[in-house]
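User: I have just opened a new structure and would like to learn how to read it. Could you walk me through some features, one at a time?

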Amino acid sequence: NKYKDIEFAPVLSVASTVKEKEFLNQLFLEHGLSVTALNNYLKCPWKYFYTSLIRIPEAPNKHLMFGSAIHSALKSYFDRFISGKDLKKEYLIQRFAESLAQKPIQEQEYREALNKGKIALSGYYDHYHNSWRTNIFAEFSINGIQMDKNIILNGKIDKIEILDASHNVNVVDYKTGKPKSRNNIEGYTKNSKGNYKRQLVFYNLLLNIYQNSKFKMISGEIDFVEPDDKGRYRKELFEIEPKEITKLEEQIKVVAKEILNLSFWDRKCDDPDCYYCKLRKMMR
């Protein structure tokens, strides 16, 4: 329980260290802004501060470790699939099991995650493998992209599918967990902030700025690796409109300005039980 030590934790004095604007600005420029960092900030500025800016290590949870193992297995599989080697679903499952075994996960949670992953990947392979493209890039990293004078963007795209000779591409982002509706993905439901759709728009922005890229992103796809309650596998495809990219650029500029000016310093998020806001209370 990550909350258990907060009540007895020492009060931190940050006047001469953490709250040094020059130091924090330097961190912001060095780390850049990923879509994960952006989503963290939009959820809670202090979640961004602790996890994305000063990067205090956190104990990994079982859901993150499961997702990481799934992503690792898919990358390993597609790295070989590109060269014409279809090593079947047994290889995909084996890579998942090996990656999961390296995580600091409890024995009972490991067994549950292993079983869940085997079932999910087996069905995922059966459902899609005959339609997978070989002209792809798996885990394509784009780092150090300068959007503005003080704004550096970074990203890692799960999969880029080359659709034609003109280098029109479809960007794929894998998701674990129960598949979500299109409305939820786009942020139209009560408990959604549109993080999944924002990721696709962010990747479109990255590819537009990427100097050495011939890629033209004509679509983005949220690919749910786990089935829904009826055992069905789902993908949701989106065409990103120019106005969505422009809106995201403006949002990034506003967020960057707030971070650089530390204007979030006395702000709290909407969650009264927020772990990161509780950490903030311990700073003078």
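User: Let's begin with a loop. Where is the place of His167?

Analyst: This is a predicted model, and in it His167 sits in the loop between β2 (151–162) and β3 (168–175). The hairpin of these two strands has 5 residues between them.

User: Which other residue has a positive phi without being a glycine?

Analyst: Lys88 is one of them, with phi near 65°. Its setting is a helix, α5, which covers residues 88–101. Lys88 has 44% relative accessibility, so it too falls in the partly exposed class.

User: Now the strands. How do β2 and β3 pair, and over how many bridges?

Analyst: To read a pairing, look at the direction of the two strands and at the bridges between them. Strands β2 and β3 are antiparallel, with 4 bridges. As one example of facing residues, Ile160 is opposite Val171 in β3.

User: Which strand do 8 bridges join to β3?

Analyst: That is β4, residues 216–224, and it runs parallel to β3. Here Asp173 stands opposite Ile222 in β4.

User: How many residues of β3 are buried?

Analyst: The count is 8 of the 8, so β3 is largely enclosed by the rest of the structure.

User: Let's zoom out. How many helices and strands does the protein have, and how compact is it?

Analyst: There are 10 helices and 5 strands. The radius of gyration is 20 Å, close to the 19 Å that the globule rule gives for 284 residues, so the protein is as compact as a globular protein of that length. Its C-alpha trace spans about 60 × 50 × 35 Å along the principal axes.

User: What percentage of the residues count as buried, and what can I read from the contacts?

Analyst: Of the 284 residues, 48% count as buried. For contacts, check how far apart the partners are along the chain. Among contacts with a separation of 6 or more, 68% come from residues 24 or more positions apart.

Methods:
Residues are numbered from 1 along each chain as its sequence is written. This is a predicted model: local features need pLDDT of at least 70, side-chain atom pairs count only at pLDDT 80 or more; totals for chains, interfaces and linings use all residues. Side-chain values use heavy atoms; hydrogens and water are left out. Buried means under 20% relative accessible area, exposed over 50%, partly exposed in between (1.4 Å probe, protein chains only). Two strands pair if DSSP finds at least two bridges between them. The radius of gyration is taken over C-alpha atoms; the globule rule is 2.2 Å times the number of residues to the power 0.38. Contact means heavy atoms within 4.5 Å.
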